[in-house]
Amino acid sequence: MCAVPQFINSFDEDDARLEANYIQGQQYTYSGEILKRSIDGKPLIYTVDVPSIDQSDVDDGFRWGKFEYATGITNRLSNDWPLLRYADVLMMKAESLMRLGKSGAGALVTQVRERAFKNEPEKAQVTDAELMGGSVYDYGRRDSYKTEHDGGTDIKYGRFLDELGWEFCQEGRRRQDMIRFGIFTTKVWFSHDKSDETKNLYPIPNKVLLTNSNLKQNPGYSK
């Protein structure tokens with residue numbers, strides 16, 4: 001599990017969330033010793049680049065680090081999970097104002113950004129007009145099999161979508177945000193190609209269909 005390089009590259013270099021939320025660079029033990037790769041003994045250094053899903057090395061890609069991993073943890077996690085944060089409330093109000101054509105979205109998003117730019121407060125500032133502009137995310141196929149640059153300037157409210165990504169990364173909402181902004185099936189990124197709009201919905205599990213004859217499978221999936 002690692003971050004898509006295009007998303008990482010969309011961050012402002014002074015955004016504190018980039019360092020706080022992703023495990024990157026040389027890794028060390030608790031005692032400060034350099035961690036090494038088990039396959040060859042070289043230093044374990046997480047880099048942003050990921051060649052492709054099936055051609056990646058052990059240290060390709062930044063790792064997810066927004067939520068702390070307890071010592072000795074297994075895949076049976078018991079940590080708390082944020083379902084709703086105050087930042088989410090502010091961003092929901094900001095998006096509503098923006099889509100209604102009312103002012104105030106910029107001030108609310110700026111309030112959320114201020115925590116991430118304490119040393120560069122001027123970078124926390126964002127205006128209503130900027131949020132309604134395109135995305136800075138450089139979309140397009142980007143793995144060892146194909147390199148394309150599609151950009152994101154054509155996305156309506158694209159900058160606001162960027163803000164949602166930067167603030168809520170690793171919180172399980174990116175897919176739904178992309179669907180709401182109309183780009184989940186129309187944009188290409190990393191190894192993900194465009195798909196039919198029916199993929200905005202998941203298929204209904206067969207065992208659920210069998211329990212109720214009135215249910216019909218969602219369009220785009222076999223019955």
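I started with an open sheet of 3 strands, which runs in the order β6-β5-β7 with mixed pairing. The edge strands are β6 (146-147) and β7 (189-190), each pairing on one side only. For my own record, strands are DSSP runs of E with at least two residues, helices are runs of H or I with at least four, and both are numbered from the N terminus. Two strands pair if DSSP finds at least two bridges between them.

Next I checked how β5 (residues 140-143) meets β7: the two pair in the parallel sense over 2 bridges. I also looked up R141, and it stands opposite F190 in β7.

A note on the source: this is a predicted model, where local features need pLDDT of at least 70 and side-chain atom pairs count only at pLDDT 80 or more, while totals for chains, interfaces and linings use all residues. Residues are numbered from 1 along each chain as its sequence is written, and side-chain values use heavy atoms, with hydrogens and water left out.

Then I zoomed out to the whole chain. I get 9 helices and 7 strands, and the C-alpha atoms fill a box of roughly 60 × 50 × 40 Å along the principal axes.

How many of the residues count as buried? I find 39% of the 223 residues, with buried meaning under 20% relative accessible area (1.4 Å probe, protein chains only).

Last, I looked at contacts (heavy atoms within 4.5 Å). Among those with a separation of 6 or more, 51% come from residues 24 or more positions apart.

Note on methods:
Buried means under 20% relative accessible area, exposed over 50%, partly exposed in between (1.4 Å probe, protein chains only).
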